[in-house]
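Please keep the sequence and the 3D view at hand while reading.

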Amino acid sequence: MGACASSSRGRSNHGKNQKSAKVAAIPSTPAAQAGRAVASSGMEEKSSFTWRIDGFSSLLDKQKGWTNSGYFEMKKLKWYLQLNLKDRKSGDERDYVSLILVLSKTYDLNPDTIVEASFKLLIYDQEYGRHREHQFSHQFQTTESSRSSGISCTIPVETLKEPSSGFIVGDSCVFGVELIKLTTAAKAKHSSGTLSDVEKINGFSAREAYTWVIDDFLTLKGRCYSPEFEIGGRKWYLTMYPSGIDDGGNEEFLSLYLHMAKPDGDASLQNSGVLVEVSLSIKDKVTSNRSAMTGRCQFQATDDGDGWGWAKFMAAKSVKDWYLVKGSCLIEADVAIASSSKLE
């Protein structure tokens, strides 16, 4: 399975610089080369973009607003990045750095096309290689209001400016994006059953998402269960360990798993399994700042309580620092089902 880890726990009852900034793509910057992931062997087209901003201090002096990169191409589609150095979180007076990926207007795509992309947004540490990165999954559409990822790679500006961080060197800062996976599909003209958004993509059903609203996160202890929800004709639930699973030495991490509930009454489902692609994410309720992990997993209906997910989904401290708004956050399960199979 690779990225996914199995969990078999049963479920109980439930100063000013006057220089102007220069922005440029830098395909051969040494620091960028060090931080750039190697493109998948299955991708022949360019799958990453690096954006260096010289005279960066002049942007820090600007008022709130977005700065756009130049256009670049990944997988034969045109994109650009948007940067904001004066972003704010609810109840927080500090300035934050936000980085967003935007699908450019393109006349090569049908207006009804949906672009499903998994990607990383990065801020490069040019000194030590400790880059700040966040992974996201998002459905881009060709309509004006749906071309932005709408989610940000966010850190405090004061963190960016710290000399020891390595983010700003010689009044230059480097940002980037790395594409992990991309598929395109047309919107379904008529929805039926559970396929409400798009037709099947590469053998998987349309993605469906469930959002678990968690209030008072800081009061949670031990294993927590979401309500049951239905996707693809199956019932599912999430389990979360706010301080890590209790027997794996992962106390400093939030652990998160998806489970398929055992079918009730339907004999045809009792001994069957499904292959799914699942993306689990955590995000705050105001800015939709998000961190996600994705994997493909086989679920078996016969093993009640078995789940797939990540024991080290995210450092517990990061959840508290980046994703809580007045003590609450959102957990999202994004699920696409490939097929059902009889288990002998």
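## Aromatic rings

In this predicted model, ring pairs join W79, F119, F136 and F140 into a cluster; rings of Phe, Tyr and Trp (for Trp, its six-membered ring) are paired if their centres lie within 6.5 Å, and a pair is stacked when the planes are under 30 degrees apart, edge-to-face when they are over 60, and tilted for the rest. Local features need pLDDT of at least 70 and side-chain atom pairs count only at pLDDT 80 or more, while totals for chains, interfaces and linings use all residues. Residues are numbered from 1 along each chain as its sequence is written, and side-chain values use heavy atoms, with hydrogens and water left out.

A search of the whole structure finds 12 aromatic pairs. The ring centres of F49 and F72 are 3.8 Å apart and their planes meet at 5°, so this pair is stacked. Because F49 belongs to strand β3 (residues 48-54) and F72 to strand β5 (residues 72-74), the pair ties together parts that are 23 residues apart in sequence; helices (H or I, at least four residues) and strands (E, at least two) are DSSP runs, numbered from the N terminus. F49 is buried at a relative accessible area of 3%, and F72 is buried at 5%, where buried means under 20% relative accessible area, exposed over 50%, and partly exposed in between (1.4 Å probe, protein chains only).

The pair of F56 and F175 is tilted, with 6.1 Å from centre to centre and 40° between the planes. This pair links distant parts of the chain, since F56 sits in the loop between β3 and α2 (57-60) and F175 in strand β12 (residues 172-186), 119 residues apart. F56 has a relative accessible area of 0% and is buried, and F175 is likewise buried at 0%.

How many of the 11 residues of β8 are buried? The count is 10 of the 11, so the strand is largely enclosed by the rest of the structure. Strand β8 runs antiparallel to strand β9 (residues 132-141), and 10 bridges join them; two strands pair if DSSP finds at least two bridges between them. Within this pairing, I114 stands opposite Q141 in β9.

S118 lies in β8, which covers residues 113-123, and S118 is buried, with a relative accessible area of 7%. Its side chain makes a polar contact with the side chain of S137 at 3.1 Å; such a contact is a pair of N or O atoms within 3.5 Å, and within protein one must be able to donate a hydrogen and the other to accept it, while residues adjacent in sequence count only if both atoms are side-chain atoms. Setting aside residues up to four places away in sequence, S118 touches F136, S137, L179, I180 and K181, where contact means heavy atoms within 4.5 Å.

## Two loop residues

S69 is found in the loop between β4 (66-68) and β5, and at 9% relative accessibility S69 counts as buried. The C-alpha atoms of S69 and Y80 are 5.6 Å apart in space, although these residues are 11 residues apart in sequence.

L109 is placed in the loop between β7 (96-103) and β8. Its C-alpha atom is separated by 9.6 Å from that of T184, which is 75 residues away along the chain.

## Helix α5

In helix α5 (residues 316-323), the residues A316, V319, W322 and Y323 are buried. Seen down the axis, the buried residues of α5 fall within an arc of 150°, so they line one face of the helix; the arc is that of the directions from the helix axis to the C-beta atoms.
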